[in-house]
Amino acid sequence: LDDYICNNLDYPETDTLIEGEVVIRFVVEADGDLSGAEVLESLSPEHDREALRLVKHIIEDKIKWTPALLNDEPVPSYFVLPIEFKI
């Protein structure tokens, strides 16, 4: 996942250089698909958009995740992903 983020994250062009992280939450469905991405902790509107774009890119690429298990059965669960922006 770290390599995917490094290879696909575009640092937003803004008037000031901002470093930090955007925290995104989404659901890993029982079948391993992702849905419902939202910003939990914002850095700036531009950084938030880029972090959401990256997660939507993961969804569009149909990258499967391993779902959570409850009683040995796959179930939907939330996943929290911090995305770090460094210059």
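Which residues do ring pairs link into a cluster? Ring pairs join Phe26, Trp65 and Phe79, where rings of Phe, Tyr and Trp (its six-membered ring) pair if their centres lie within 6.5 Å. The structure is a predicted model, in which local features need pLDDT of at least 70 and side-chain atom pairs count only at pLDDT 80 or more, while totals for chains, interfaces and linings use all residues. Residues are numbered from 1 along each chain as its sequence is written, and side-chain values use heavy atoms, with hydrogens and water left out.

**Aromatic pairs and a charge over a ring**

- Four aromatic pairs are found in a search of the whole structure.
- One of them, formed by Phe26 and Trp65, is edge-to-face, with 5.3 Å centre to centre and 80° between the planes; planes under 30 degrees apart count as stacked, over 60 as edge-to-face and the rest as tilted.
- Because Phe26 lies in strand β1 and Trp65 in the loop between α2 and β3, the pair ties together parts that are 39 residues apart in sequence.
- Helices (H or I, at least four residues) and strands (E, at least two) are DSSP runs, numbered from the N terminus.
- Phe26 and Trp65 are both buried; buried means under 20% relative accessible area, exposed over 50%, and partly exposed in between (1.4 Å probe, protein chains only).
- The charged end of Arg25 sits over the ring of Tyr78, 4.2 Å from its centre; the criterion is NZ of Lys or CZ of Arg within 6 Å of the ring centre and within 35 degrees of the ring normal.

**Nonpolar core**

- The largest nonpolar core has 16 residues, and Ile24, Phe26, Leu34, Val55, Trp65, Leu81 and Ile83 have the most contacts inside it.
- Two or more residues of this core come from each of α1 (2-8), β1 (20-28), α2 (45-60) and β5 (77-85), and α2 gives the most, with five residues.
- Such a core is a set of buried Ala, Val, Leu, Ile, Met, Phe, Trp, Tyr and Cys residues joined through side-chain atoms within 4.5 Å.
- In soluble globular proteins, nonpolar side chains tend to be buried together.
- Leaving aside neighbours within four places in sequence, Leu34 is in contact (heavy atoms within 4.5 Å) with Phe26, Val27, Val28, Ile58, Ile59 and Trp65.

**Val39 in strand β2**

- Val39 belongs to strand β2 (residues 34-41) and is partly exposed, at a relative accessible area of 28%.
- Not counting residues up to four places away in sequence, Val39 touches Val22, Val23, Ile24, Asp48 and Leu52.
- The C-alpha atoms of Val39 and Glu50 are separated by 11 Å, the two residues being 11 apart along the chain.

**Salt bridges**

- There are five salt bridges, each defined by a side-chain nitrogen of Lys or Arg within 4 Å of a carboxyl oxygen of Asp or Glu.
- One of them joins the side chains of Asp10 and Arg53 (3.7 Å, N to O), linking distant parts of the chain: Asp10 in the loop between α1 and β1 and Arg53 in helix α2, 43 residues apart.
- Arg53 also meets Glu50 in a salt bridge (2.6 Å, N to O); both lie in helix α2, three residues apart, about one turn of the helix.
- Lys64 and Asp33 form a salt bridge through their side chains (2.7 Å, N to O), with Lys64 in the loop between α2 and β3 (68-70) and Asp33 in the loop between β1 and β2, 31 residues apart.
- Asp33 is partly exposed, with a relative accessible area of 28%.
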